[in-house]
Amino acid sequence: MVRYAEPGTVEWVESGGGPLIAVPETVLPFWAGADGDETASDYDRACEVDGFIGLLPVGDSAALVFGDEPASTTYLPDHHTFVRWSAADSEAALLAEVPTALDTAAWGPEVCWNVPGAVLLFDAAWPGTDSAGTEHVRVGLDPGRYAVRAAHVQPGPETWLGLVQLRRLPD
């Protein structure tokens with residue numbers, strides 16, 4: 001796999017070419033990835049998500065699919081935001097532009113995501129039971145409802161990034 005994000009300040013997750021997905025840990029065994037006996041695998045369903053984000057049922061919960069492009073992605077807990085690396089000279093340059101990107105983003109429509117707790121971000125092609133053995137990021141979320149919104153931003157002349165921001169909703 002080609003590596004676009006060098007190791008550095010944060011942990012990045014990359015895919016083999018398809019979407020990334022954040023699956024609640026409680027339902028990881030129900031995500032079959034590209035495996036399965038059905039006509040359309042879970043991975044196929046993830047590939048059909050149109051736009052930057054979408055939700056797919058998994059067990060008694062839902063997974064958040066990161067559509068559009070297979071960009072290197074990390075989670076910045078201080079901003080409650082997944083950051084997707086489209087273009088930048090370095091990790092430091094990309095991360096330095098995040099505050100400006102958040103302030104200037106033209107956000108798309110929000111979706112409501114009910115989360116039972118922590119989620120794992122990984123390549124949607126992998127089965128959930130194998131995700132801990134692959135490149136992944138664990139995101140510790142409190143159980144509850146979250147508004148999720150996404151944007152693609154160019155905060156600097158050489159920097160493009162995607163943002164997927166979570167906002168906790170009252171219970």
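**Burial, fold and cavity**

Mentor: Of the 171 residues in the protein chain, 51% are buried; buried means under 20% relative accessible area, exposed over 50%, and partly exposed in between, with a 1.4 Å probe and protein chains only. This is a predicted model, in which local features need pLDDT of at least 70 and side-chain atom pairs count only at pLDDT 80 or more, while totals for chains, interfaces and linings use all residues. Residues are numbered from 1 along each chain as its sequence is written, and side-chain values use heavy atoms, with hydrogens and water left out.

Trainee: How many helices and strands does the protein chain have?

Mentor: Helices (H or I, at least four residues) and strands (E, at least two) are DSSP runs, numbered from the N terminus. Here there are 3 helices and 10 strands, in the order β-α-β-β-β-β-α-α-β-β-β-β-β from the N terminus.

Trainee: What does the radius of gyration of the protein chain agree with?

Mentor: The radius is taken over C-alpha atoms, and the globule rule is 2.2 Å times the number of residues to the power 0.38. For 171 residues a compact globule would have a radius near 16 Å, and the 15 Å of the protein chain agrees with this. Along the principal axes, the C-alpha atoms fill a box of roughly 45 × 40 × 25 Å.

Trainee: Which residues line the largest cavity?

Mentor: Rolling a probe the size of a water molecule over the atoms shows where empty space is left. On a 1 Å grid over the protein atoms alone, a cavity is a set of points where a 1.4 Å probe fits but cannot get out, and lining residues have an atom within 4 Å of a point. The largest cavity is lined by F52, D68, E69, R84, S86, A150, A151, H152, G162, L163 and V164. Two or more of its lining residues come from each of β5 (81–87), β9 (144–156) and β10 (159–168).

Trainee: Is S61 buried or exposed?

Mentor: S61 is buried, because its relative accessible area is 14%. This residue is found in strand β3 (residues 61–66). Leaving aside residues up to four places away in sequence, S61 touches P24, V27, L56, N114 and P116, where contact means heavy atoms within 4.5 Å.

Trainee: What is the phi of H80?

Mentor: Most residues other than glycine have a negative phi. H80 is not a glycine, yet its phi is positive, at about 55 degrees. H80 lies in the loop between β4 (72–76) and β5, and its 44% relative accessibility makes it partly exposed.

How values were computed: 1 Å grid on protein atoms, 1.4 Å probe; cavity = no way out; pocket = protein on both sides within 12 Å on 5 of 7 lines; lining within 4 Å.
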